[in-house]
Structure formats: C-alpha cells, structure tokens
Amino acid sequence: MLGAVFGDIVGSVYEFHNTNRMDFPLISRASRPTDDSIMTLAVADALMRTWGESDEKIKEEIVKSMQRMGRMYPNAGYGGRFRAWLAAEDPKPYGSLGNGSGMRVSSVGWLYRTLEDTLHAADLTAEVTHNHPEGIKGARAIAACVFLARTGASKEEIRTYAADTFGYDLSRPLDDIRRNYSFDPTCPGSVPEAIRAFYESSNYEDAVRRAVVLGGDSDTLACMAGAIAEAYFGMPDELKMKALQILDPYCGNIVRHFHTFCHTHDGTV
C-alpha cells in the first residue's frame, strides 16, 4: 500500500505540469500526498476496523473513514462531485467511472487470502461512490493485480489476467500510448495504462517513473502502477522512509498499523 502512496506523492508535482523525461526528480519541495493517498489510507483503515464483519458494516465504515479523512485533509485535490460527497450528511453513490475507485483500492490486494475475496472487497470499496460498472471494474483490476503480484504471479500472467478478465487492451507499448495520451481521469482511460506501466518496468522506481511520464493524471497513474509494482518487486527501504517522512503522523500511523495488521492476521474473512 505504501507503494501507492509514494507513487501519488511523486506524481503530485507533475499532474498539471507533465514531464516526458525519465530522469525527473522523484521528490521536490512541492511533492505531497494528494486525495489518492488520503483515500487509500482511509479505505485501509476502514477495512482493518471492520475485519470479518458484514458487507453492510464494512461499507458503512468505508464511508465514515473516507468522510473523516477527507474533512481532515480538505485541500488534497478532490474532484467536485467527490467533494460534495465528502460534505454530505447522507452520502450516496453517484455513478462515477472515475479512477478514484482504482487509486484507493491497493490495500485490498494485500489483505485477503483468495482472489475471490479480493474482488469482492474491491467491489465494496468502489460501490460507496463509484458504482458505475467501469468504476467497479477499475477497482477490481488494480486490487487483483496487486493480489496476483504479491502471491507470485509473473508479469505475463498478471497482464493476461487483467486483459482477459476486464477486457483491457494491454498490448500497446507505452511509447505508442504516450504519443496521443492526454489527461483522462476515468478508469477506462487510466487503469490499463497504469497496468502497462508496471508491465514494462524493471523495478519499483522504474514503474513509477514510467507512469508519470505518460502524462495526464500523473499522480493517479503513478499511484496505481506503484501499488502493483510494490507488490511485485518490493519497495526500497529508502523510498519507504522518504514516504513516511512526508506523511504526517496520523497518516504514518495508519501505514504502520497496516503493515503490522498484514503480518499478524490470518487473511481469512
């Protein structure tokens, strides 16, 4: 999960100031966690709090956690409809197919022992806002890729599963995509690209860099690619420490709790 957060932090500088240079500085004074990180941590916190409880209870806690953290960090860069959802007294899903469902789901890929349970939990995290079929599919795809990566699947197995299961075209090289790619904050327009960035990468940092230089919604692309890459390659200790230095104590504590939780519970529901 920290791989998603760090990818978001790296991409935050380049979302509206895209770069096509692979040697861009990973971190600058302006680097910060955006809504991607805040909602990733909110979902993780909710899933830990409601481990083993009913679907209804889990979704209730996801809503509460997202609203609580969204209000704690009001300037993280939320979209208009999601900002209204955060402020609502009785928030309802609003049929979004935006990539918010994909960027916040990475913890699901670490928490569950089976792919079936992973996909089901991904649905729960998406449905509270992004109940459009494409929004749910995007969350499922990222969670499944993280699960497969951390459980030993090869890159080709991950690519094939995502393409066959979700109907994404993952055959186009990044160099071809980049020629005509523009800002697209939807799941159909960013989840496949993030998966492809991971697929072409040689290590965690390389995956994040490849996602950023695609252009467009760089923080979310790097968040999603970084989530899969961390599960597949692992994440260098110096980048973990850098992420934790940038996060404030409240967010850092969620990361540490999540790490402990994943290593101590048995992975069953």
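The second largest pocket takes at least two lining residues from each of two helices, α14 (237-246) and α15 (249-264), where a helix is a DSSP run of H or I with at least four residues, numbered from the N terminus. This is a predicted model, in which local features need pLDDT of at least 70 and side-chain atom pairs count only at pLDDT 80 or more, while totals for chains, interfaces and linings use all residues. Residues are numbered from 1 along each chain as its sequence is written, and side-chain values use heavy atoms, with hydrogens and water left out.

**The second largest pocket**
- A pocket is an open set of points on a 1 Å grid over the protein atoms alone, where a 1.4 Å probe fits and protein lies on both sides within 12 Å along at least five of seven lines; lining residues have an atom within 4 Å of a point.
- The second largest pocket holds about 320 Å³ of space, a volume being the space filled by probe spheres set on the points.
- Its lining has 13 residues, and L2, E230, F258, H259 and H263 lie nearest the centre.
- Helix α15 gives the most to this lining, with six residues.
- By class, the lining has eight nonpolar, two polar and three charged residues, where Asp, Glu, Lys and Arg count as charged, Ala, Val, Leu, Ile, Met, Phe, Trp, Tyr, Cys and Pro as nonpolar, and the others, Gly among them, as polar.

**The largest pocket**
- About 570 Å³ of space lies in the largest pocket, and of its 30 lining residues D35, G77, Y78, G79 and N99 are the closest to the centre.
- Helices α2 (35-49), α4 (80-87), α5 (100-103) and α13 (218-233) each supply at least two residues of this lining, which has ten nonpolar, twelve polar and eight charged residues.

**Salt bridges**
- The whole structure has 14 salt bridges, each being a side-chain nitrogen of Lys or Arg within 4 Å of a carboxyl oxygen of Asp or Glu.
- D175 and R178 form a salt bridge, with their closest N and O atoms 2.8 Å apart; because they are three residues apart in helix α10 (residues 174-180), about one helical turn separates them.
- R210 and E200 meet in a salt bridge at 3.9 Å, N to O, and this pair links distant parts of the chain, with R210 in helix α12 (residues 204-213) and E200 in the loop between α11 (191-199) and α12, ten residues apart.
- R196, E200, D206 and R210 are linked in a network of salt bridges.
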